[in-house]
Amino acid sequence: MGPSERLRDYCREVSGYIRWKRIRPSVEAEIGDHLQDQRDAYMAAGDDEETAAGRAIAQMGDPALVGRALDRTHRPRPQWFLAGLTGLLMLLGLAVNCFVLRPAPGLLVVPYFLPYALAFGVFLCFYFMDFSQLGRHGWTLYGLVLAFAALGILLGEWGPGSLLLAVGRLRIRLSYLALVFPVVYALAVYRMRSMGLPGILLSGAACLPPAVVLLLVSNLSGLILYAVAALGTLCLAIGRGWFGPNRRRQVLLISALLAGALLCLAVLGRRYLSGRLGILLHPEQDRLGAGYVHCMIRDILSESVWWGTGGVPEWVGSVELLPNLRTDFALVYLAHRFGFAAWLGMAALMAVFSAVGVRKALGEGSMLGSLLALAAALTLAVQAGSYLICSLGYGLFGPLSLPFISDGLGALLLNAALTGLMLSVFRTGEAYRDRPLPNGEVCGRRSAWEPPCI
């Protein structure tokens, strides 16, 4: 048996004691690199290759002891805190929709359990999935989602507030594509890593088709959500040097592209935006028209108490008269029914969930894991933030969804999938090593003890 075969056999024997099979290749590569470095050091000191390999193995130690120690170190990291917070939000959403916002007092609550049971199943499927498979099929998924969007635009019918695609009895709201586009765009950015300035330009070009789709389906809230999440993932890739070393030039380029896009948006939609801004600042000028919802929300909240049921202004009549109460303004009803403390408690839960998700996403070592987790975390955070602002009567555009709380099967399932994907990255991201880049570099951690490639 040659020296190289002895090193490989030692690595395989050590990794055989590790029960987490997905991380075994990474551990084998890590130990192999260390053994080769030690062997080369002994050879440089005068030993022949056979002796140097034996000394390197002896220095590493007994394979059983090393393997058991690595088994204790390398295990999936269950995300108990975020998973528990997700479960709590699902239970709160179930309680709100079953017992607080039921359209009729005598309506059975059993059907409301089914969507949440299905959402919990979706969450578990994504939580235990191998997220690295998404990186291997990034362009395919990007193309499939855009093809579905094009099909929906061609065959869809206009419904309340958005374009709907009918598939049998199922009606798919195309505005919910805003929850999918950030993740597929993150996959597109991942596929263009280490391409320098051309990669940034291609990333900017890949950002446009989803934005056009969201404009066509009349979803400005979704467009803003997508823009924030896409810009966040692109800035992360640039900031960590995944497009190349010249970060200053890349930041200037993306800043110029962003400024141009904002200028075009301001010029093309200045009349519409100025009208919306005027209503937002002074809704009382058109209380029974465009400012109706803003005035109604603010007046209801002004009658709310810290704890308990608040009053309702005479001109409002009833909180139930708020349009889209179950989907867009559930928190307004909770503040009226149970007090403003209920609104603040829900806002605190969402803030903690979003902050922890974004922080952990930024701490991921691999490029694929970090991009996917950040895209999912920003999508959930922007949804919650815009919903909370609108529930105070200060929203510039209508909210999309409050994750796990507001009514809507499509949003519930997609948010469950996003949360499961994010937690899957946090749970098993340590085992993932980014594929080699065209120039031979690897952006990601070579081992659990090395910092991310930046």
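## Overall picture

A residue counts as buried here when its relative accessible area is under 20%, as exposed when it is over 50%, and as partly exposed in between (1.4 Å probe, protein chains only). The model is a predicted one, so to speak of its ground rules: local features need pLDDT of at least 70, side-chain atom pairs count only at pLDDT 80 or more, and totals for chains, interfaces and linings use all residues. Residues are numbered from 1 along each chain as its sequence is written, and side-chain values use heavy atoms, with hydrogens and water left out.

The chain has 19 helices and three strands; these are DSSP runs numbered from the N terminus, with helices being H or I of at least four residues and strands E of at least two. Taking contact to mean heavy atoms within 4.5 Å, residues 24 or more positions apart account for 70% of the chain's contacts with a separation of 6 or more. As for the surface, the chain exposes about 21,600 Å², and carbon and sulfur atoms supply 65% of that (Shrake-Rupley method, 1.4 Å probe; for residues, only the protein chains shown count as cover).

## The nonpolar cores

A nonpolar core is a set of buried Ala, Val, Leu, Ile, Met, Phe, Trp, Tyr and Cys residues joined through side-chain atoms within 4.5 Å. The largest one has 106 residues, and Phe-181 and Met-422 have the most contacts inside it. Helix H18 (residues 367-390) gives the most to this core, with 15 residues. There's also a second, separate core of 16 residues, with Ile-18, Trp-20, Ala-53 and Val-66 among them.

Who does Met-422 touch? Setting aside residues up to four places away in sequence, Met-422 meets Phe-353, Gly-357, Ala-373, Ala-376, Ala-377 and Leu-380.

## Aromatic pairs

Rings of Phe, Tyr and Trp (its six-membered ring) pair if their centres lie within 6.5 Å; planes under 30 degrees apart are stacked, over 60 edge-to-face, and the rest tilted. That rule gives seven aromatic pairs. Phe-123 and Tyr-127 count as stacked because their ring centres are 5.8 Å apart and their planes are at 20°. Both sit in helix H6 (residues 110-127), four residues apart, or about one turn of the helix, and both are buried. Phe-120, Phe-123, Tyr-127 and Phe-128 form one aromatic cluster.

Phe-181 turns up again here, in an edge-to-face pair with Tyr-226: 6.0 Å centre to centre, 65° between the planes. This pair links distant parts of the chain, with Phe-181 in helix H9 (residues 181-191) and Tyr-226 in helix H11 (residues 220-239), 45 residues apart. Phe-181 and Tyr-226 are both buried.

## Charges over rings

For a charge to sit over a ring, NZ of Lys or CZ of Arg has to be within 6 Å of the ring centre and within 35 degrees of the ring normal. The charged end of Arg-427 does this with Tyr-127, 5.2 Å from the ring centre. Arg-193 lies over the face of Tyr-190, at 4.1 Å from the ring centre.

## Val-122 and its contacts

Helix H6 also holds Val-122. Its contacts, leaving aside neighbours within four places in sequence, are Leu-413, Ala-416 and Ala-417. The C-alpha atoms of Val-122 and Thr-419 are separated by 9.7 Å, although the two are 297 residues apart along the chain.

## Cysteines

How many disulfides are there? A search of the whole structure finds zero, a disulfide being a pair of cysteine sulfur atoms within 2.5 Å. Cys-207 counts as partly exposed because its relative accessibility is 21%, whereas Cys-295 is buried, with a relative accessible area of 4%.
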